[in-house]
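I opened this model to look up its pocket, its surface patch and its charged contacts. My entries follow in the order in which I checked them.

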Amino acid sequence: FDPEQLRRGQRFFLRYLPAMSISLYYQSLIPGFSIPKIGKVLQATGYFVPPSSPIQVLCRLLDTGAMVTACMVDKDFIAA
């Protein structure tokens, strides 16, 4: 385990987070959800599609964001 390498990765992630987020949203998520096979999986699991309520979808997105933040944000950054 190399703590300095982890910190470099965290800094890289935070530096490019806005661009990565926009790219993921427009280049991956929206087109990906329109693929018929992916649509069938989403429908079968109820993930992001009815019968999921908007609140359930929001909770899933917030949970994912919280997990990514917990993994990627430098603890010293939070304390500062």
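I took helices (H or I, at least four residues) and strands (E, at least two) as DSSP runs, numbered from the N terminus. The model is a predicted one, in which local features need pLDDT of at least 70 and side-chain atom pairs count only at pLDDT 80 or more, while totals for chains, interfaces and linings use all residues. Residues are numbered from 1 along each chain as its sequence is written, and side-chain values use heavy atoms, with hydrogens and water left out.

Entry 1, salt bridges. I counted a salt bridge where a side-chain nitrogen of Lys or Arg lies within 4 Å of a carboxyl oxygen of Asp or Glu, and by this rule I found two. In one, Arg-7 pairs with Glu-4, with the closest N and O atoms 3.4 Å apart. These two residues are three apart in helix 1, so about one helical turn separates them. In the other, Glu-4 pairs with Arg-11, where the closest N and O atoms are 3.1 Å apart.

For cover I used relative accessible area (1.4 Å probe, protein chains only), with buried under 20%, exposed over 50% and partly exposed in between. Glu-4 is partly exposed at 32%, Arg-7 is partly exposed at 30%, and Arg-11 is partly exposed at 39%.

Rolling a probe the size of a water molecule over the atoms shows where empty space is left. On a 1 Å grid over the protein atoms alone, a pocket is an open set of points where a 1.4 Å probe fits, with protein on both sides within 12 Å along at least five of seven lines, and its lining residues have an atom within 4 Å of a point. The largest pocket holds about 430 Å³ of space, the volume being the space filled by probe spheres set on the points, which are joined across faces, edges and corners. I listed 13 lining residues, of which Ser-21, Leu-24, Leu-29, Leu-61 and Thr-64 lie nearest the centre of the pocket. Two or more lining residues come from each of helix 1 (3-33) and helix 3 (54-72), and helix 1 gives the most, with eight. I sorted the lining into 11 nonpolar residues, two polar and no charged, where Ala, Val, Leu, Ile, Met, Phe, Trp, Tyr, Cys and Pro count as nonpolar, Asp, Glu, Lys and Arg as charged, and the others, Gly among them, as polar.

Patch residues have over 30% relative accessible area and no salt bridge, and nonpolar side chains (Val, Leu, Ile, Met, Phe, Trp, Tyr) are joined within 5 Å. I noted a nonpolar surface patch of about 840 Å², with Ile-22, Tyr-25, Phe-33 and Ile-38 among its residues. Helix 1 supplies the largest share of the patch, seven residues. Ile-38 lies in helix 2 (residues 36-45) and is partly exposed at 37% relative accessibility. Helix 2 is hardly covered, with one buried residue among its 10, and Gly-46, which follows this helix, has a positive phi near 75 degrees.

Leu-14, in helix 1, is 58 residues from Met-72 in sequence but 7.8 Å away in space, C-alpha to C-alpha. Pro-18, also found in helix 1, is exposed at 52%, and its C-alpha atom is 20 Å from that of Leu-58, 40 residues apart along the chain.

Terms used. Patches are made of residues with over 30% relative accessible area and no salt bridge: like charges are joined within 9 Å, nonpolar side chains (Val, Leu, Ile, Met, Phe, Trp, Tyr) within 5 Å. Accessible areas come from the Shrake-Rupley method with a 1.4 Å probe; for residues, only the protein chains shown count as cover.
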